[in-house]
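Let's take a look at what holds this protein together on the inside. Have the viewer open and follow along.

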Amino acid sequence: MGIKWRPWAWPAAPLALALLAVTGCESTPGARPQPTAAPSASVARVCAEPAAGPAKAPAGAVTVDPAVAGDLAAKTKSSPPNTTFWLRPGRHRLEPERYAQVIPKKGNTYLGAPGAVLDGRRTNQYAFGGTARDVTIRHLTVQGFVAPHNEGVVNHDSADGWVIEHATIQNNSGAGLMAGAGQRVRASCLRGNGQYGMNAYKATGRISGLVVEGNEIVGNNTGDWERRRQGCGCTGGVKFWAVDGADVRGNWVHDNRGAGLWADTNNNDFRIEDNVLEANDGAALIYETSYNAVIRKNTIRRNNRVEGRRYADRGDNFPFATVYLSESGGEPRIRARTDKIEIYRNVLENNWSGITLWENADRFCNSPANTSSGDCTLLVKDTDRCARPAIATAPLYADCRWKTQRVDIHHNRFVLDTSVVECTVKCDRMAVLANYGTYPDWSPYQGERVAEAITREQHNRWHDNVYLGPWKFVAHDPSRVLDFVQWQGTPYQQDAGSTFGARDGG
């Protein structure tokens, strides 16, 4: 699974020449920006200012003693469902055994007193696991657990209906938090975890009704997994897999190594709104092989400067984007609150490039180039149907590939000051493009078919936007770099009603 930035083949200049291109950018290999200073008070500053838990045990609650190792797990085991546990101030421990963990029962609530910490001491893999529904964790710090790669510390088994509020989940390996259906994560600090702040993944079935609201998601992927496993697509402040219905609002997602938010493989019906996404090494938002979303009223600034610059310095001419839609679009046949991807009323300021709409012509069901291996689109239940000769004719020709279509980008403000971003070229792109289809040899999508479709036939539109700065536009393929007049003119006819100020934005 995961993103595939580069086309398999494109009939352009030889790679050797591309690598000689001068980017006009200066960078320090391996350098990371300092954590972002706090923005306006309206942003979720919950890591620095966590809400305090109850100083006294609520009536009927079971009190947990930090002086007794394993007290929380033992009292959970001996108590009935729907029990409330109050963790006294102090550092709580599990038994010093790798798989020791708390296994909640249905309806349990765990409340941390001020200063209550559940510490894995780099010994325990998981904090809270099991399949019990409707568990609540509030006002508790969970840290120091060592979940394996792709696994999580809190709600390890992706049980449904959990509520995580006013919690701090920090400095763990793997994902700080997993997710199940109906999960609500609110006003929590997901900080400094080794792979993800949250991994919204369920081994069986889809996740629906997910709410991620008012959280601070900062400094995750300390393990730098994309470099350790190149192309793994396995990092981000939050990663979403096959989530059907999510509201992601009012979060401060910043200073993560890699992408801020990444929805990957058959997600649907997202509302991403009123977030501040800033200073992430990679894209602020990736929406990949997924469907139907509203992305609105977000402040998106200073993202993608590390990863975008890294590729530019290598001579790569792909328009690496701050908001990146890869094989994702609106699909009326899939039930959602919208039948398109609508991106509007956002402010994008001094990021490395803007919005890229991309389609890999070689990525479709049953193709060896499908990095979401084993997955097919939501329109085809039997992946084996996507084979020759049937894939070359309707309806499979359309339904066996994820398509970037019905994307409506309007009433956004795009600001670029190259002196702030510290670049002269390749950080100024807005793009809609595909590669030249070549693979496999039985593919019905070879040649320029997909590039023509995404550029002219799939109802992807920019309009009524404001541009400040020396923006350029890429259409059809990476070699077609346009100015604003060409972008608005025939045959592309983009950005009707938009305004363009060519000087550096301020």
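In this predicted model, the S-S bond of cysteine 386 and cysteine 400 has a torsion of about -85°, so this disulfide is left-handed. Cysteine 386 sits in the loop between β29 and α5, while cysteine 400 is in the loop between α5 and β30 (407-410), so the bond ties together parts that are 14 residues apart in sequence. Cysteine 386 is buried, at 0% relative accessibility, and cysteine 400 is buried at 0% too.

The structure has 5 disulfides. Here are three of them, with their sulfur distances and torsions:

| Disulfide | S to S | S-S torsion |
|---|---|---|
| cysteine 47 – cysteine 189 | 2.0 Å | about 95° |
| cysteine 365 – cysteine 376 | 2.1 Å | about 100° |
| cysteine 386 – cysteine 400 | 2.0 Å | about -85° |

What does the pair of cysteine 47 and cysteine 189 tie together? Cysteine 47 lies in the loop between α1 (15-19) and β1 (62-64) and cysteine 189 in strand β13 (residues 189-191), so the link joins parts 142 residues apart in sequence.

Now for the nonpolar side. The largest nonpolar core has 95 residues, and among those touching the most other members are Phe128, Leu210 and Phe240.

One aromatic cluster includes Phe414, Trp462 and Tyr467. Charges get involved too, with arginine 228 over the face of tryptophan 225, 3.8 Å from the ring centre.

Note on methods: Residues are numbered from 1 along each chain as its sequence is written. This is a predicted model: local features need pLDDT of at least 70, side-chain atom pairs count only at pLDDT 80 or more; totals for chains, interfaces and linings use all residues. Side-chain values use heavy atoms; hydrogens and water are left out. Rings of Phe, Tyr and Trp (its six-membered ring) pair if their centres lie within 6.5 Å; planes under 30 degrees apart count as stacked, over 60 as edge-to-face and the rest as tilted. A charge sits over a ring if NZ of Lys or CZ of Arg is within 6 Å of the ring centre and within 35 degrees of the ring normal. A nonpolar core is a set of buried Ala, Val, Leu, Ile, Met, Phe, Trp, Tyr and Cys residues joined through side-chain atoms within 4.5 Å. Buried means under 20% relative accessible area, exposed over 50%, partly exposed in between (1.4 Å probe, protein chains only). A disulfide is a pair of cysteine sulfur atoms within 2.5 Å. Helices (H or I, at least four residues) and strands (E, at least two) are DSSP runs, numbered from the N terminus.
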